[in-house]
Amino acid sequence: MHVKALGGRPRAGDNVHRLRITRAEYASLVEFIDSGFALDEAGRPVLLEHPGYHDYDRFFAGRGRYHLFRTCNVWTNDAVKAMGQKAALWAPFERSARHHLPRNRGEF
């Protein structure tokens, strides 16, 4: 799992989509994300020794395998589905993963 920290408020643009979700949808999203982490004996996510690409990202051991039919776009689309939001049936490409997400206009 590649995890990036975001500081401040994101700027709206092609790579940022704002979804208005309920507390229950948020809880479903957190549960979906948590279920993707492999855990150690103490129940904590396993930090990998890979240094990350920047000083604001890290890699953790995940459950499942990344492959042609299980890409980051499929995972993201599945996260949207887990919240009960409209999503693609399958999303192997970025465009298909973002197709049903609302377009943002201006700053957040």
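Modeller: Contact here means heavy atoms within 4.5 Å, and by that criterion Ser-96, leaving aside its neighbours within four places in sequence, is in contact with Ala-88, Trp-90 and Ala-91. The structure is a predicted model, in which local features need pLDDT of at least 70 and side-chain atom pairs count only at pLDDT 80 or more, while totals for chains, interfaces and linings use all residues. Residues are numbered from 1 along each chain as its sequence is written, and side-chain values use heavy atoms, with hydrogens and water left out.

Colleague: What makes up the secondary structure of the protein, and what pattern does the protein follow along the sequence?

Modeller: The protein has 3 helices and 2 strands, where helices are DSSP runs of H or I with at least four residues and strands are runs of E with at least two, numbered from the N terminus. Read along the sequence, they give the pattern β-α-β-α-α. Helix α3, residues 94-98, is where Ser-96 lies.

Colleague: Which other residues of α2 are buried, and what covers them?

Modeller: Along with Val-74, the buried residues of α2 are Asn-73, Asn-77, Ala-79 and Val-80. Their cover includes α1 and α3. Just after α2, Gly-84 takes a positive phi of about 85°.

Colleague: What makes Leu-29 count as buried or exposed?

Modeller: Leu-29, which is found in helix α1, has a relative accessible area of 19% and therefore counts as buried. Leaving out residues up to four places away in sequence, Leu-29 touches Ala-79 and Met-83. Leu-29 and Met-83 are 54 residues apart along the chain, and their C-alpha atoms are separated by 5.6 Å.

Colleague: Why are Asp-40 and Asp-55 classed as they are?

Modeller: Asp-40, in the loop between α1 and β2 (57-59), has a relative accessible area of 23% and is therefore partly exposed. Asp-55 also has its place in the loop between α1 and β2, but its relative accessibility is 68%, so Asp-55 counts as exposed. In space, the C-alpha of Asp-40 is 9.6 Å from that of Ala-61, 21 residues away in sequence, and the C-alpha atoms of Asp-55 and Ala-5, 50 residues apart along the chain, are separated by 9.3 Å.

Colleague: How much of the protein counts as buried, and what share of its contacts joins residues 24 or more positions apart?

Modeller: Of the 108 residues, 25% count as buried. Among contacts with a separation of 6 or more, 57% are between residues 24 or more positions apart.

Colleague: What is the volume of the largest pocket, and which residues lie nearest its centre?

Modeller: Its volume is about 2000 Å³, and among its 43 lining residues His-2, Ile-33, Cys-72, Trp-75 and Thr-76 lie nearest the centre. A pocket is, on a 1 Å grid over the protein atoms alone, an open set of points where a 1.4 Å probe fits, with protein on both sides within 12 Å along at least five of seven lines, and lining residues have an atom within 4 Å of a point. At least two lining residues come from each of β1 (2-4), α1 (23-35), α2 (72-82) and α3.

Methods: Buried means under 20% relative accessible area, exposed over 50%, partly exposed in between (1.4 Å probe, protein chains only). Grid points are joined across faces, edges and corners, and a volume is the space filled by probe spheres set on the points.
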